[in-house]
Each structure stands twice: as structure tokens, then as C-alpha cells.
Amino acid sequence: FFSMLEQIVIEGIIPEGYGLLPGEQDDDDTAMAEVSQFGRHGTESVIVSLRDAVWEARATLWCQALSALSLFETEGYF
């Protein structure tokens, strides 16, 4: 699994069907944001864009791993 995932990452393959490719995104997806509350009683908040490069890179890696994992027959492994 790990050698396959490494090859997918090196080649920059982005799997289809996970909402990562330009044709799979709509206007609502590009404006995604999460509000995180903090402080003593949750009175302070910060808005975090989920389209930032950090989150996009993590989502891409997660989807690459999930796609690679789905190629294995799970019967007998779990």
C-alpha cells in the first residue's frame, strides 16, 4: 500500500470523484469556511478557509490514500 501511495503522490495523480478536480467543484465548494470558537466561554472566533493550500494538500493526500486503499480487496485484511 505505502509504495503504491508513494508512487501516486510522486506522479501527482489526483483521483476523480472526491471533489478535488476543477470540474468537480461548484461555487459553494470554493467558498467553504469553518468558524472555530475559542476563549473562556467560546466568545471569540476565527474563520478558517477550507480551501487554503494547507487544507487542500491534506485533502489531496487523504483522497489519494483512500483511492489507493480502495484498490485492495478488504476481505481477509480486517
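This report covers the fold, the surface and the aromatic residues of a predicted model.

The protein chain has three helices and two strands. Read from the N terminus, the order of elements is α-α-β-β-α. The protein chain holds 78 residues, of which 12% are buried. Taking contacts between residues at least 6 apart in sequence, 44% join residues at least 24 apart.

One nonpolar surface patch covers about 510 Å² and is made by F1, F2, L69, L71 and F72. F72 lies in the segment after α3, the helix that spans 53–69.

Three members of the patch, F1, F2 and F72, also form one aromatic cluster. The table gives their relative accessibility.

| Residue | Relative accessibility | Class |
|---|---|---|
| F1 | 31% | partly exposed |
| F2 | 67% | exposed |
| F72 | 31% | partly exposed |

F2 counts as exposed because its relative accessible area of 67% is over the 50% cut-off. F1, at 31%, falls between the limits of 20% and 50%, so F1 is classed as partly exposed. F72 is also at 31% and is therefore partly exposed.

A search of the whole structure finds two aromatic pairs. One of them joins F1 and F2, with 5.1 Å centre to centre and 70 degrees between the planes. An angle over 60 degrees counts as edge-to-face, and the pair of F1 and F2 is accordingly edge-to-face.

Key
Residues numbered from 1 in each chain as written. Predicted model: local features only at pLDDT ≥ 70, side-chain atom pairs only at ≥ 80, totals over all residues. Heavy atoms only, no water. Helix = DSSP H or I, 4+ residues; strand = E, 2+ residues; numbered from the N terminus. Buried < 20%, exposed > 50% of the residue type's maximum accessible area, 1.4 Å probe, protein only. Contact = heavy atoms within 4.5 Å. Patch = residues over 30% accessible without salt bridge, like charges linked within 9 Å, V, L, I, M, F, W, Y side chains within 5 Å. Areas by Shrake-Rupley, 256 points an atom, 1.4 Å probe, with all protein chains shown as cover. Salt bridge = Lys/Arg side-chain N within 4 Å of Asp/Glu carboxyl O. Phe/Tyr/Trp six-rings, centres within 6.5 Å; stacked < 30°, edge-to-face > 60°.
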